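Bring your questions about the terms, and we will set each value against its cut-off.

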Amino acid sequence: MDIQTTSLGNGAVSQPGSAAGPANAAKPPTVEPASAREHQSSNVLILTPSLTLTLDDSVLTIAGIDKTATKAAKRAHRNCGIGLPARGRSRRSIDYYNVLWAEVTEDRKHLRIDYAEQTDDHYLEVQHLLFSLPLLATGEVDNSILETVKSWLEILLVRSYGSSARRKRAWVVVNPHAGPGGADKIWRKQVKPIFDAARMPMTVVRTTYSGEAVKLAQELNIDDFDIAVPCSGDGLPHEVFNGLGQRPDARRALSKIAVCHIPCGSGNAMSCNLYGTHRPTLAALAIVKGLPTPLDLISVTQGTKRTLSFLSQALGMIADLDITTEHLRWMGPHRFTYGFLVLALQKKVYPCDIAIKAEIEHKEGVKEHYRKQITQKGPSQSPQQSDDDDEGDQGLPPLKYGTATDKLPEGWELVPHEKLGSFYCGNMAYMAPDANFFAAALSNDGLMDLVMTDGDIPVLKNIGLQLAMDSGHFFDNPLVTYRKVSAYRIIPRIPDAKCCISIDGEAFPWEPFQAEVHQGLGLTLSKKGLYEAPGPLNWDKVTTTERLLA
C-alpha cells in the first residue's frame with residue numbers, strides 16, 4: 001500500500017502517474033479480493049494488514065504508513081518539491097471538518113482524499129492522500145472491493161459535510177483593489193485551491209470599477225448558482241445584496257443565492273461574524289462547509305433612493321471614522337485605531353432629531369432576548385419563508401413605515417439629541433476583527449441593535465470605551481445606550497458638508513434617512529447557523545428575577 005502527501009497550495013492537482021503519484025511509488029500489492037474484505041466494517045477500511053482507515057467519532061484516523069511510502073514520497077520530493085510524511089509516523093488524524101473531498105480515481109485503482117491542513121493558526125494548505133487499492137492477478141480492482149470502498153467514502157463525506165451541501169456552485173466576484181490590495185492574489189493562491197479541492201464549480205469575474213457588482217448581480221442567472229462569493233472588504237457584499245435586491249424577482253434571488261465573503265479588505269466584518277475569522281483560507285473552508293443561514297436585511301431610504309444594508313448604518317463619529325480614513329486603506333485594520341484617536345481628541349457633536357421604534361429598551365431585556373433566541377430557538381440552518389412567499393417572484397417587500405420624506409408614522413416621536421457623538425445601528429456583531437460593537441446581534445431576529453453615545457465624553461473615557469470593546473465590557477458600559485429596534489428616522493440638525501452617513505461602510509449624503517428591518521429577507525452561509533461573536537458578557541447566567549420566580 002502506497003501513500004503520498006502532496007501540497008496543492010498552487011491549485012495544481014497531481015494525477016496518478018505524475019511525479020507526485022503512484023508512478024514513483026512501489027508497485028501496489030496484488031491480492032485476492034477476499035483478503036481485502038475479511039475485516040471490513042462500515043467504519044473501517046482495511047487496505048492491507050498494515051494500513052487501516054477508520055472513521056472515528058470526529059476524525060478520520062489513518063494507521064500504518066510504512067517505509068515504502070516514505071521512500072516513494074522522498075523520491076517525489078526530490079523531483080518536484082512535494083512535502084513528506086513525518087519519518088516514522090504510523091498514525092495520523094484528520095478532522096472531518098477539514099476533509100474537502102474523497103473519491104476513487106478515474107483509473108479505478110486508487111483512493112484519494114483531499115483535505116485542508118492547518119499549517120499555522122491563520123493558514124490552511126490543501127493536501128491530498130493517495131492510496132493504491134489491492135489488485136487482482138489481472139491488474140484490476142475487483143468490483144466488490146470498489147463498491148466497499150465507495151460505500152466507505154460516502155460515509156466519510158456524510159460525516160465531513162453533515163447538513164452542508166457538497167459542491168456548491170459558486171459565483172465568485174473579485175475586487176482587485178480591495179483594502180490594502182492583493183485580493184486577486186489571495187483568491188488565486190489561497191482560496192481557489194480549497195474550492196478546487198472541494199470540487200466546487202466556479203464562475204469568476206473581476207470588477208473594474210466601484211458599483212459594477214450591483215449590475216452584475218442584477219443580471220445574474222440565479223438558477224446557475226448556489227452561492228455568491230465576493231473577495232473584497234465589506235463593500236462588495238453590499239453591492240451584491242443591492243444588485244439582487246434591484247431585480248424584478250428580488251425576494252426569490254435574495255432567498256436563493258447565499259451571499260458569502262472572502263476577507264480581502266480592511267474591516268472584513270462579514271467574515272468575522274459568519275466564520276469567526278478574517279483569514280482568507282479559514283473563511284474559504286467555512287464556506288465549503290457552511291450552513292444556510294437566513295439573514296435580516298435593512299431598507300434604508302434617503303429621498304427617493306432605497307438601499308439594502310446587511311451590516312450597519314452610522315452617523316457621527318463612527319461614520320466619520322469609517323469614511324474619512326478611506327485614504328489610509330494601506331494601513332489595513334489599523335486605520336480605524338488611528339482614526340478613532342484623532343476624532344476622540346476633537347470631541348465633536350452631531351445635533352440630530354431622532355425617532356425610534358424601539359422593541360427592547362433596556363440592556364437586561366436585550367440580554368434576555370439574546371439568551372432566549374440562542375437557547376430556545378437555536379441556530380437557523382435553513383432559509384425561512386416570508387409572509388409574502390405566495391405572491392411569487394416579486395421585488396422587495398413594501399415599506400411598513402414609508403420613507404424619510406413621508407409624514408412621521410403614528411406613534412413615533414422625534415426626540416432632539418443636542419450632544420450626539422455616535423449613532424450606530426448594527427445587523428451583525430463584529431464591525432472589525434476586534435470590534436464587537438453589537439454583542440447581542442442575531443442574524444434572524446427581525447431586530448436591529450442600536451448603540452448611541454454622546455460626543456462630549458472626556459477623551460480618557462472615550463479611550464476607555466475603546467478598551468472596553470477589546471475586553472468584552474462595551475455592552476455594559478454606562479456611557480453606552482443599547483436597544484433593540486425595528487425602525488428609526490434620523491434628521492441631521494445642522495448642515496455640514498464635511499460630515500457623511502455610512503451604510504455598510506459606504507458614504508451617503510448628510511441628509512435625513514429612515515431605516516426598517518426585514519426579517520430573514522437575505523441568505524448567507526455560516527459555520528453554525530448563527531454569528532460567531534460570544535454575545536454580551538454573562539448572557540447565559542440566570543438573573544435574580546428568574547431565581548425569584550423559579
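Q: Which residue just after α4 takes a positive phi?
A: That is Arg199, with a phi of about 60°. Before we go on, please keep in mind that this is a predicted model, where local features need pLDDT of at least 70 and side-chain atom pairs count only at pLDDT 80 or more, while totals for chains, interfaces and linings use all residues. Residues are numbered from 1 along each chain as its sequence is written, and side-chain values use heavy atoms, with hydrogens and water left out.

Q: What makes α4 a helix, and how does its reach compare with the span expected at 1.5 Å a residue?
A: Helices are DSSP runs of H or I with at least four residues, and strands are runs of E with at least two, both numbered from the N terminus. Helix α4 covers residues 183-197, and its 15 residues qualify. From first C-alpha to last α4 reaches 20 Å, close to the 21 Å expected, where the expected span is 1.5 Å times one less than the number of residues.

Q: Where does α4 bend, and by about how much?
A: The bend is about 45° at Val191, and Pro193 follows within four residues. That angle lies between axes fitted to the seven residues ending at a position and the seven starting there.

Q: How many helices and strands does the protein chain have?
A: It has 14 helices and 26 strands.

Q: Why is Ser160 called buried?
A: Buried means under 20% relative accessible area, exposed means over 50%, and partly exposed is in between (1.4 Å probe, protein chains only). Ser160 has 5% relative accessibility, so it counts as buried. This serine lies in helix α3, residues 143-161.

Q: What does Ser160 contact, leaving aside its neighbours within four places in sequence?
A: Ser160 is in contact with Tyr96, Val99 and Lys289, where contact means heavy atoms within 4.5 Å. The side chain of Ser160 also reaches the backbone oxygen of Leu156 at 2.7 Å.

Q: Why is Thr405 called exposed?
A: Thr405 has a relative accessible area of 59%, so it is exposed. Its place is in the loop between α12 (363-377) and β18 (415-417). The C-alpha atoms of Thr405 and Gln302 are separated by 7.8 Å, although these residues are 103 apart along the chain.

Q: What makes the pairing of the Thr405 and Thr403 side chains a polar contact?
A: A polar contact is a pair of N or O atoms within 3.5 Å; within protein, one must be able to donate a hydrogen and the other to accept it, and residues adjacent in sequence count only if both atoms are side-chain atoms. The two side chains make such a contact at 2.9 Å.

Q: Is Thr207 buried or exposed?
A: Thr207 has 5% relative accessibility, so it counts as buried. Thr207 sits in the loop between β10 (202-206) and α5 (212-218). Not counting residues up to four places away in sequence, its contacts include Val173, Pro176 and Leu236.

Q: Why is the pair of Phe241 and Phe310 called tilted?
A: The ring centres of Phe241 and Phe310 are 5.4 Å apart and the planes are at 35°, so the pair is tilted. Phe241 lies in helix α6 and Phe310 in the loop between β15 (305-309) and β16 (312-316), so the pair ties together parts 69 residues apart in sequence. Phe241 counts as buried at 1% relative accessibility, and Phe310 is buried with a relative accessible area of 1%.

Key. Phe/Tyr/Trp six-rings, centres within 6.5 Å; stacked < 30°, edge-to-face > 60°.
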